[in-house]
Amino acid sequence: MGPTLNPPAPPTESTVALTAPGYRPRAGGGRDRAKRRVRTTILHVVLITAGILMIYPFIWMLVTSFKGLPQLLNHPLSFWPSPWVPQNYLDAWNDAPFAQAYVNSIYIAVLVVIGTLITAAMAGYAFARIKFRGARVMFIVFLATQMIPMQVTLIPFYLLMAKFGWVNSHLALIIPASLANPFAVFLMRQFVLSLPSELEEAALVDGAGRWRIFWSIVLPNLRPALGSLAIIVALGTWNNFLLPLVILNSQDLFTVPLLLQSFQGQFGSVNYGLIMAASAVSTIPMLIAFVIGQRQILNSMAASGLGGR
């Protein structure tokens with residue numbers, strides 16, 4: 001049998017001093033860990049409390065949507081429904097044309113998302129990679145339009161849509177939103193700047209033009225940004241209320257927020273259970289979309305700032 005191997009002895013302060021002369025054992029390590037644990041616990045308590053406060057109105061809306069009219073009149077501050085009235089959802093769906101409003105909102109959101117992704121990706125690539133005179137000034141002016149309140153441009157926008165004959169038409173909600181979205185262009189520009197320019201330079205050496213580079217190299221690398229931007233634009237389009245209120249007159253053209261407003265005007269003074277049920281019906285689809293895509297949105301926002309430009 002061969003010689004037995006003894007395990008190495010644990011290091012002592014003298015051996016550590018020989019191998020690392022500048023090392024000194026850190027005093028109070030346990031106290032530091034305890035302080036970090038206390039700070040982490042306090043931070044988690046604060047975040048959980050803030051999260052509960054933020055989600056409480058939505059929970060109240062869902063719970064109230066199951067309350068009956070007698071409970072709402074006699075005990076308006078009670079939390080739990082007694083009894084539960086799921087019939088509110090059927091009544092809300094049948095008392096207003098929510099199905100048609102859903103179709104209108106969905107196809108408007110889909111078209112706006114598709115148009116915005118195409119135009120924002122092309123504009124972002126142009127501002128990031130194509131050098132032309134006045135590019136920086138044009139980009140700054142384009143971003144500055146976000147600081148103009150929508151109420152300021154509402155009357156000129158309406159007059160312009162009237163010239164085009166798009167009043168009481170979904171075209172006024174689709175085409176302008178698809179062509180001009182400063183935030184979308186800014187987000188795409190930041191992502192294009194974060195891409196390595198060597199890929200495009202190699203394609204230029206191989207004889208590829210700007211269009212070929214954009215469609216074959218740049219656009220496939222923008223998929224994470226395009227996914228997050230699609231969710232953001234869909235949320236904004238779905239929740240848009242002011243423009244449909246000004247542009248649309250026929251109820252069969254109403255979007256979900258606009259129909260919800262008319263529904264509230266019809267039943268707001270009588271049955272809040274129906275109003276909360278209708279609000280839940282209009283909110284739940286976009287809430288699900290946001291919950292599914294929130295990680296991608298946060299990651300994309302973080303990545304868009306890595307370019308430092």
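Here are some questions and answers about the predicted model above.

Q: What do the numbering and the cut-offs rest on?
A: Residues are counted from 1 along each chain as its sequence is written. In this predicted model, local features need pLDDT of at least 70 and side-chain atom pairs count only at pLDDT 80 or more, while totals for chains, interfaces and linings use all residues, and side-chain values use heavy atoms, with hydrogens and water left out.

Q: How many helices and strands does the protein chain have?
A: Helices are DSSP runs of H or I with at least four residues, and strands are runs of E with at least two, numbered from the N terminus. By that rule, the protein chain has zero strands and 15 helices.

Q: Is tryptophan 80 buried or exposed?
A: Buried means under 20% relative accessible area, exposed means over 50%, and partly exposed is in between (1.4 Å probe, protein chains only). Tryptophan 80 has a relative accessible area of 57%. That value is over 50%, so tryptophan 80 counts as exposed.

Q: Why is the pair of tryptophan 80 and tryptophan 84 called tilted?
A: Rings of Phe, Tyr and Trp (its six-membered ring) pair if their centres lie within 6.5 Å; planes under 30 degrees apart are stacked, over 60 edge-to-face, and the rest tilted. A search of the whole structure turns up 15 aromatic pairs. In this one, the ring centres are 6.2 Å apart and the planes meet at 40°, so the pair is tilted.

Q: Which ring does the charged end of lysine 67 sit over?
A: A charge sits over a ring if NZ of Lys or CZ of Arg is within 6 Å of the ring centre and within 35 degrees of the ring normal. For lysine 67, the charged end is 4.5 Å from the ring centre, and the ring belongs to tryptophan 60.

Q: Which element gives the largest share of the lining of the largest pocket?
A: On a 1 Å grid over the protein atoms alone, a pocket is an open set of points where a 1.4 Å probe fits, with protein on both sides within 12 Å along at least five of seven lines; lining residues have an atom within 4 Å of a point. The largest pocket has a volume of about 1,100 Å³, where volume is the space filled by probe spheres set on the points, joined across faces, edges and corners. Among the 36 lining residues, Met150 and Leu243 are two of the closest to its centre. The largest share, eight residues, comes from α7.
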